[in-house]
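Here is a structure to look at before some questions about the terms used for it. Each answer sets a value against a definition.

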Amino acid sequence: MATPQALKLAILISGRGSNFQAIHQAIVNKKLTAEIKLVLSDQAQAAGLDYARQHQLPTLVIEKQAQESRSAFDQRLQTAIDASGANWVVLAGYMRLLSPEFVRHYQGRVINIHPSLLPKFPGLRAQRQALAAGEEKSGCTVHFVDEGCDTGPIIAQREVPVLADDTEESLSARILTQEHQLYPEVLQKIADGKIEFKARG
Ligand code: GRF
């Protein structure tokens with residue numbers, strides 16, 4: 001089992017940033033022993049950046065240039081993350097696939113949250129996928145990030161019921177409530193050395 005470590009987080013967002021806010025609130029409320037070293041967005045307009053600035057957290061926007069390769073873009077992210085002193089990368093509504101080089105550089109130290117019970121419904125609009133499939137339950141998953149899309153080793157899941165009159169919005173809201181609890185809890189378990197990454201194979 002890994003020894004307890006102080007988590008130094010780089011949180012990557014592309015939009016609203018409510019999971020990032022939940023993580024920050026858990027730190028403020030002393031439910032999570034971690035420090036946010038960087039809030040990084042690939043979208044200058046991401047609403048989560050406003051929250052970060054209001055709370056005096058270090059922010060950075062790195063936008064992808066038109067002809068830039070994924071590797072070159074991710075190399076810029078990596079340089080910024082490493083310069084921040086972060087030792088864990090937390091994807092919180094970050095809408096880009098990461099390059100193999102980036103994933104290898106941080107192997108076992110990049111996690112994501114996804115609004116389905118993976119391996120079911122990876123990719124975009126997972127809640128709509130669950131509704132379309134007629135599922136009776138759905139939920140959220142925190143997982144290590146590998147080179148695929150929502151395919152890495154699963155760390156923890158939380159279930160919610162799918163109700164007969166659910167819309168994509170109502171199901172998303174029910175799942176999101178669970179996301180906001182699960183993500184800080186998983187991070188605390190990582191800080192406590194209770195979660196260990198094992199590469200597949
Ligand atoms: C969440 O539903 C998360 O599971 C998914 O993207 C959404 C991000 O929401 N990866 P927010 O930006 O954290 O509010």
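**A cis bond, a ligand and a salt bridge**

Pro 119 is found in the loop between strand 5 and helix 5. The model is predicted.

Q: What makes the peptide bond that joins Leu 118 and Pro 119 worth a remark?
A: Omega is about 15 degrees there, and the bond is cis. Most peptide bonds are trans.

Q: What is remarked about phi of Gln 56?
A: Phi of Gln 56 is near 55 degrees, a positive value, and the residue is not glycine. Most residues other than glycine have a negative phi. Gln 56 is placed in the loop between helix 2 (47-54) and strand 3 (59-61).

Q: Why is the pair Glu 168 and Arg 125 called a salt bridge?
A: The term asks for a side-chain nitrogen of Lys or Arg within 4 Å of a carboxyl oxygen of Asp or Glu. Between the side chains of Arg 125 and Glu 168, N to O is 2.8 Å, so the pair is a salt bridge. The structure holds 11 salt bridges.

Q: Which parts does the pair of Glu 168 and Arg 125 tie together?
A: Glu 168 belongs to helix 6 (residues 168-191) and Arg 125 to the loop between strand 5 and helix 5 (126-132), so the pair links parts that are 43 residues apart in sequence.

Q: What distances do Asn 19 and Glu 179 give?
A: A polar backbone atom of Asn 19 is 2.9 Å from an oxygen atom of the ligand. For a polar side-chain atom of Glu 179, the distance to a ligand oxygen is 2.7 Å.

Q: How much of the ligand's accessible area does the protein cover?
A: The protein covers 86% of the 360 Å² that the ligand has on its own.

Terms used. Residues numbered from 1 in each chain as written. Predicted model: local features only at pLDDT ≥ 70, side-chain atom pairs only at ≥ 80, totals over all residues. Heavy atoms only, no water. Polar contact = N/O pair within 3.5 Å; in protein donor to acceptor, adjacent residues only side chain to side chain. Areas by Shrake-Rupley, 256 points an atom, 1.4 Å probe, with all protein chains shown as cover. Helix = DSSP H or I, 4+ residues; strand = E, 2+ residues; numbered from the N terminus.
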